[in-house]
Amino acid sequence: MASVCFVAPHAWPVLSGDARLPIVGGAEVQQAILARLLAASGHRVSMVCLDFGQPDRSPVDGVTVHKAFKPDAGLPLVRFFHPRASSMWRALRAADADVYYYRSASVWVWLVTEFCRRHGRRAVYAGASDKDFVSDQGGQIRYARDRYLFRCGVAQVDRIVAQNEHQRATCRATYGRDAVVIPSCYELPGKRNFSPRDCVLWVGTLHVNKRPEMFLELAARLRERRFVMIGGPGPECGFYERIRSAAAAAPNVEFKGFLPLAEVEPWFDRAAVLVNTSLYEGMPNTFLQAWARGVPTVATVDVGAPIHRVAPTVDALAVEVESSFKNLSLGSACREYFERTHSSGTVVERYEGLLAELAQ
């Protein structure tokens, strides 16, 4: 049975459940879910994370976590090589896996594939967003040097995983390589709060590309509905505070700010509908959290799911949100689609097939 190492620099807060660290990224959530599921299936599973103060080789639910550099380690200009790349290389060697898995666009894709090439191991790159497969990564990678190295990594990685057919087509058009489509997965928490579903929910990082101001405009249109916004700050200076202040001035909006993953889950139990206002997505974990509970989703982007409804404007969002409160049959359709496409058993079976193929 193949061993696998998830190279997930920022996943320690999600995997460990450390609520003191305000990091809950979609790629990190998916890697934590997959790591636990594969460990439970009998695979030897490890993970490489940054040094957030945890002991090296920390065991979490059957996953051994090797730590690399501290998030702010090193001096400008030379820190990429040392201590960052050097400590990452040491952690990859310590993991000693058959297959190394990296998710989302980053310069570390190159380092992982280079390590695997030199040591006779296999590397998998998985996209976390539709922008991961376009030529400039949608501006997600800041420096030209890192964009170049990322492209080098994609060129030599052993397998590429896409979340949907759109990403697969874009990968082929941009990089001339085929990708295997394996959907994201999710598991409902063991303990749940069954409360009346009475709110319109928005969950995400308060990033300019997420367009949270559209959600506030929607709340102004539907004043009789209760709106709940959950999310921590993104990289844009002052944007978080502007949104927080605008939400505080709205009488029907409850602004929660950043919440750890475990504290976000109960809000999905209370949601009547989940709204997403992003410019682009891949397959948001929030959609899976909603569908698993029978909560319909409405968004400004199309994720290729037949039960998901697309509304590009605030007016269209308002119509679809109101429809969600009235059409009770939407819930069962969402649950059925989730079980058929995104349940953990279905997705893990496909990953185990991929790992077995690579290990041969």
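Two strands are taken to pair if DSSP finds at least two bridges between them. Strands (E, at least two residues) and helices (H or I, at least four) are DSSP runs, numbered from the N terminus. The model is predicted: local features need pLDDT of at least 70, side-chain atom pairs count only at pLDDT 80 or more, and totals for chains, interfaces and linings use all residues. Residues are numbered from 1 along each chain as its sequence is written, and side-chain values use heavy atoms, with hydrogens and water left out.

Eight strands form an open sheet in the order β3-β4-β2-β1-β5-β6-β7-β8, and the pairing is mixed. Its edges are β3 (58-60) and β8 (180-181), each of which pairs on one side only. Within this sheet, strand β1 (residues 4-7) runs parallel to β5 and is joined to it by four bridges; C5 has Y100 of β5 as its bridge partner.

Strand β5 (residues 99-103) is in turn parallel to β6, with five bridges between them. Here R103 stands opposite A126 of β6. The two strands and helix α4 (residues 108-119) make up a right-handed β-α-β unit; a crossover is called right-handed if, with the strands pointing away from the viewer, the path from the first strand over the helix to the second runs clockwise.

Strand β6 (residues 122-126) is mostly covered, as four of its five residues are buried. Buried denotes under 20% relative accessible area and exposed over 50%, with partly exposed in between (1.4 Å probe, protein chains only). Strand β6 also pairs with strand β7 (residues 159-162), in the parallel sense and over three bridges. The bridge partner of V124 in β7 is R159.

Together with L77 and V78, L75 makes a nonpolar surface patch of about 360 Å². Accessible areas come from the Shrake-Rupley method with a 1.4 Å probe, and for residues only the protein chains shown count as cover.

A further loop, between α10 (285-291) and β13 (297-299), contains R293. With a relative accessible area of 2%, R293 is buried. A polar atom of the R293 side chain lies 2.9 Å from the backbone oxygen of Q289.

Methods
Patch = residues over 30% accessible without salt bridge, like charges linked within 9 Å, V, L, I, M, F, W, Y side chains within 5 Å. Salt bridge = Lys/Arg side-chain N within 4 Å of Asp/Glu carboxyl O. Polar contact = N/O pair within 3.5 Å; in protein donor to acceptor, adjacent residues only side chain to side chain.
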